[in-house]
Structures are given as structure tokens and as C-alpha cells.
Amino acid sequence: MKKVIALLLALVMVFALCACTPKDPNVGPASNPGTETTPGGEQPGGEENPPAANVPLDGSWPEETVKIGVEAFDTTDESFMGVMEYFDYLGDYFNVEFIVSEALNAPEDEFAFIDNCAAAGCKGIFGYYNIAGAEAIKHCTSQGMYYWGNEQYYPDVADDPLYVGTYTFKDMSDENGKNGDYMAGYELGYAMASAGLKHIAMCNGGAVIGVQMFLDRQAGVLDGIAAAQAEGSETRFDPATDIVEGFPGDSYFAKQAEILAGDYDGMVTTFDAFTWFQPIIDSGKDFKVGAIGTVSDSYKAFVDNGTVISLVYDCGEVVFGSVFADLVNAATGHADLTRGADGKALLNHTQRWVLSSAEDFNAVYEKHITDGEYYITAEEMAQVLGGVNPDATVDDVMALFDMSLEDALSK
Amino acid sequence: MKAKKIGKNIVMTLALPVIVYLFFFILCNATGHAGFGVGADLTTIIYNAVFAGLVAQAMAINLTTGRFDYAIGAELMLATIVGGNIAKNLGWGPAGLLLFVVAIAVALGLISGLVYVILGLPPMVISVGMAMIYEAIGYMYNDAKGIKAIGSPMLVFSRTANSLILTVIVLAVLVVIYDYTKIGYNRRALQGGQKIAVDVGIKEKNNAVYCYVIAGFMMGLAGCVYLSRNGVIAPDTGLGSSSYFMSAFLPMFIGGIFGKYSSYPIAIFMGAVVQAIITSGLQKMGVPNSVQTVINGAIVCLFLIYDSNSYKLVEVQMFKEKLAQAKAARRQTAAQ
């Protein structure tokens, strides 16, 4: 009896292994990582490019579901949720599925999530957040999955054939250009110090515990304020006394109360400003806010009443749309569309929008929230997917996501 | 004699907050940081004390009888998100907020308590599991948007007068429960020695469920105060809700030391006041957050060390008294 059961189990294992074999050995990175495509060249034995007309945008393409893991630091963050809502929208048109991590707090959590994604059959990982740096990217690609994200580590991994790129806000012609977080802080600091305010404060978020993203944003805010002051702004800001450190907690709220009771008339925050609105209302002050946030109901009333005068906004489909294009192209045998002319992974230049008027904010609000539409539609996305549009080029991919606020509003 | 004792108890109960307040008041003014402990600063101290005090009451009622309830933060988060949204949608104002949030928090506390007594597993294990379940529900509810009620007229519980009234009522109720009811007597008996208490007929399971329910009630009130102050609560995952009770420990330890001069709940609240004063004082002087964390940790350790070893002082005192009695007896014998 035991022998029969053992034999049956062995047969089950054999069949299971057979069932796990990909239908097309050339599709997907795990089948032959790094060798299935020649950057910028032809697909050696890859999936044939079907004509565009033959690919219905009804969620049935690609034939095999492309699973993508998403590394997140806070799954309830409005900006993150905005990005995922866009991907959900695309999910109605393409057979792509996203698996989102819990809040990643430590490198071991990140490695474990990557391992889980590999076990779940993910083709790639979207690094919305990254703790372990280039090691996380290498850990991902070593398991045959593509990785998208993290400009900071781009030089270390750009040559890895399974690393498919990231975004950048840098001026590509400026070798000394700063990264996107610095630029966001700079824009905010400059805008607030140029708004005719007397005395402003700053919330520095994770800078106090050395989180690079927040350190960059803080440096940007300081430089932005300094630049405005150099141009004649009389706004006062003293880093020694005017910084609210860390995230909301007892000492954060104590400093917040001190600021709202003091002679301050504005503040810049390097993360969302939700915890300020109710205390501002309670204080009865005319107090201005500049924040890195998103176009949502949460901000609308405070933009409309003039409390929020500057909002740095990462439009989900513009800043992170290339995640979808790059990972789906790579996973469907069109990894050539993720490589630049130098053979390295794409550095997709995109634009972070600074919403400095209620008019701009409400235009985006109407598009996204009222109408439920996006500036980059599924049809436009399809045009840069090699599996849908055989004529798609790297330049098409690069151009689609390099959309300024003015471009978007004029669409 | 009785009046003297009452006077001493009142002085001892108020001594620490007053001393700490005066210490920081003088220190801040001496170092050129005027404005400590008055105006907006006082408002912040009161808010922090009320919030931390309520959370510490919830934590203490279980922890002192050996049950660390890791789920209370998740109870606050889930009850406030669900109850707050219901109250907001129905437009029932402050009463609705209080009613729904507290009712849901009590229900969550009851569930935690029942799961604990039914499964009989270690409270830490149970409460971590319950915290994860509550967090997951909070995440699923309302598309993970939590509650955003900024500007809503129902957010009145963080106003100084309202929060003080709330505190007085809560303390009165808790003092009655702790010092004048069977639940309180049994809790103290169990705190002294569970086996002996159970052997003499105290129903430990019933008492545990009551304690979890009371803890839920406190967290519901804390949720109302927190939401009133900030206007938003986002769902937490990965045990992130534990951040809500991290400020509960110092008040609890201070309560343990000074409880004998009044009542344990009152002493806990005084501990919360002390903690709020320390936080505001350090903030006023511009002490960096990292240093504040070190100082707060050191203070917690000091109180814990004192609390754990205070019996030695009593022993020394007893030894001295006995020695004095012995010497007196010896002198008396020698004189005869």
C-alpha cells in the first residue's frame, strides 16, 4: 500500500512539474534570464509580435497573466493608492496582476517579500519603496524577476539585463542634476518662501532617522528657501528652531502647537499635511501649507480655501506609468523596449507637477476624481507595448511619460 | 489624624506633576525659552495627558494582572475608523461619534477578552493575533481610506474644557470600579497572586473579560480624543497600531508608585500629566527627538527600577524600626 501511495505521489510531483513548465520557453525572465533579448535588437526566438489589430484590450492579453510585485512603505498612503488605482484601471484592459507588500519596515521584510513574489510566479517587482538598496534589486534579478525603480541605485544595476529602468526628474543634460526628492523639496521651499510669508516652518519626516528620501527632500527645501531669499524674499526660516522633526507623535504635536501659537504663518512638509488641517482650523489662524501630496478629496477643501498654496504632486500615470510599460514589455518578450541606445536600462524622464493654484488643482481633480479619467489612457499605454504595437519604439515609451502639467492640462 | 493623612495624600498625588512643571518652567525661562506651560503649550500638555492617560488606563487594567494586550492600539484604530465614519455619514455629531466609537471599541474589547478566555493561550499571543485581525479589517474597510473628518463639527473632544470634563468623569467611574466594586477587588486579588485568588473562588476568566471590555471602552474614548485633535486616522498594518500605546508605559509605572496616595487610575493620570510636561519641556528647549527618546526611555527605566525595588526601602525602614524597638527594650531591661 505504501509503495502504491509513494508511486502516486511521485507521479503527482512529475505531473505538477510538467504543468509548471512555461508554454513558451522564451517568454518570461525565469526561462533564460538575461539572454532572451539583445538590448535594442531582435528577440532571439521570442514571442512573435502580433499585429495591433489582433490584440483586444479586454484583459485577455497577455495570454499568461503578468504578475508584478509592488514594494510599498505605506499601503494606505494616498499617493501610493492613486498609483495602484491607475494600475487597477489598466487591469481592465490588460491581463496584468499586482501583488502589493505590507508596509516594509526592514531589509529582511523586503527580501522575504521578493522571495514570496518569486514563489507566486511574479515576472517583476515594482520598487515603489526600497530599503535594502541595490542588494534588493540584485536579490530580485538573481531569482529571474525583472525589477523597476530606485533612481538612487541606477548606476549600480543599469547593466543588469533584468533591471528594466526607473524614472528620473533630472535634467538629463545636467550631469550634476539633483534627484526627484531633492527637486520636490526645492520646488516647495522656493514656492513657500516666494509667497510673501513672514515666518515658515518645515516638517522633515524621516530625515531625523536618516531616511535618504527625506534627507534629499529636506536639503531641497533648505536650498529652495535659500534661493528665494537670495532673490529678495524676506521670509524667515531658521533650521535650528523651525523644523518639526519626524512623524506625528507626542513631540511632533507639541512642536506643531508651538508653531501654530507662534508668529509663523506657513509651513512646508516633506510628506502629506493631513495632521495639520484640523489643528489649523482649531487655531483660527490664516496659515499656509506647502506639501508633497496628491490630488484628492482630502486636499480639495484646503486648496479651495487657500490654506494649501503649493502641492508637489506625482501624477500616478505620468510618474509611474512607465512601470507598467517597462515591466510588461520585458515580461512579454520585448525587453529591447526597456534598454537605451547604450544598452543600459531606461532612465525614463518624467515630470513632477507643482500645483500652485486652485485652478490647476481643480483641473486635475475633475479629470481624476470627478470624471474618473487619466491623462495616459489604456489605449495610449497599449501603443508603447511591443506585444500590442509591433512598431513601438523606445522613443515612444520615453515620450509618453514625459508629460508636463501644461501638456496634461492642454490634452 | 485622618485630615492630616488626606492632606498628605493630596500633596503626594500632586507633588510630582507640580515639581516637574516647575522644574521645566524655571529651566525653560532660564535658558531663554519663554512660553513653556502656558497658552497653547498648556493646551498641548492637557491634550497629550488626556490621550496618554486614557490609553494608559486601558493598558494598565490588563498588564497589572499579567496580560499584555497588544490589540488595544488596533481597537482604537478600527473603532475610530468604523464608528467615526458611521457617525459622520449619519450626521449625528459629537454624541454619535462618542456612541459609535465607544460601542465598537467595547465590542472589540469583549471579543479580545472572550478569545483569550476561550482559547487559554498566552495573552501576548492572542492579542498580537487579534491586533493583526483588527488591522486587516481596518484596512479593508472604506477602501483603506480610514477616516478623514477634518473640519467636522463632531470633533469636539480634544477641546481643553471637553477633554478635562471627560477625564474627570472617566476617573470617577474608574475609581468606583477599582476601589468600590467586586470587579476591582477581584482584579487586585488576582494582581496579588492568581493561584491563591482562584483557589479562594475568584472567577479569573470573568474578571479578565471585564478588564478587556473596560480597556476597549478607554480606547474608544481615546480614539474620539485623537480624531478630534487630528481629524484623520489611517489604517495601520503590520502591527503599526502599536504606536498608539507607546506613550502608556511611563504613566502606568508612575501610577504604580503613587497609586497608594490616591487611587490607581488617578495616579496613572498624574503620570500622564508628568509625561506630557516632560515632552513639552524638552520640545520647548529644542531637544532633538532622538535625545528626547533617550531621556524618556531613561525616565521609564528609573521608575521601573524604583517600582521593582521599592520594597527594599520598606524593608530598611522596618529593620530600623525593629532595631530601635529592640534597643529601647534592651535599655528598659538594663534600667530594671
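How many residues of chain B are in contact with chain A, and how many residues of chain A are in contact with them? Let me say at once that we are looking at a predicted model, in which 30 residues of chain B are in contact with 26 residues of chain A.

The elements that give two or more residues to the side touching chain A are α2 (40-63), α9 (204-230), α11 (264-284) and α12 (289-335) of chain B, and α2(B) provides the largest share, which is five residues.

Let me now turn to chain A and its sheet. Chain A has an open sheet of six strands, which are arranged in the order β2-β1-β3-β4-β5-β11 with parallel pairing. The edge strands, each pairing on one side only, are β2 (96-103) and β11 (346-349) of chain A, and neighbouring strands of the sheet are turned by 20 degrees against each other on average, direction ignored.

Within this sheet I would like to pick out one pair, namely β1 (residues 66-72) and β3 (residues 124-127) of chain A, which run parallel and are joined by four bridges. One residue to look for here is A:Ile68, whose bridge partner in β3(A) is A:Gly124.

Note on methods: Residues numbered from 1 in each chain as written. Chains lettered and ligands numbered in written order. Predicted model: local features only at pLDDT ≥ 70, side-chain atom pairs only at ≥ 80, totals over all residues. Contact = placed C-beta atoms within 7 Å. Pairing = 2+ DSSP bridges. Axes fitted to C-alpha atoms, helices over the stretch in contact; angles between N-to-C directions.
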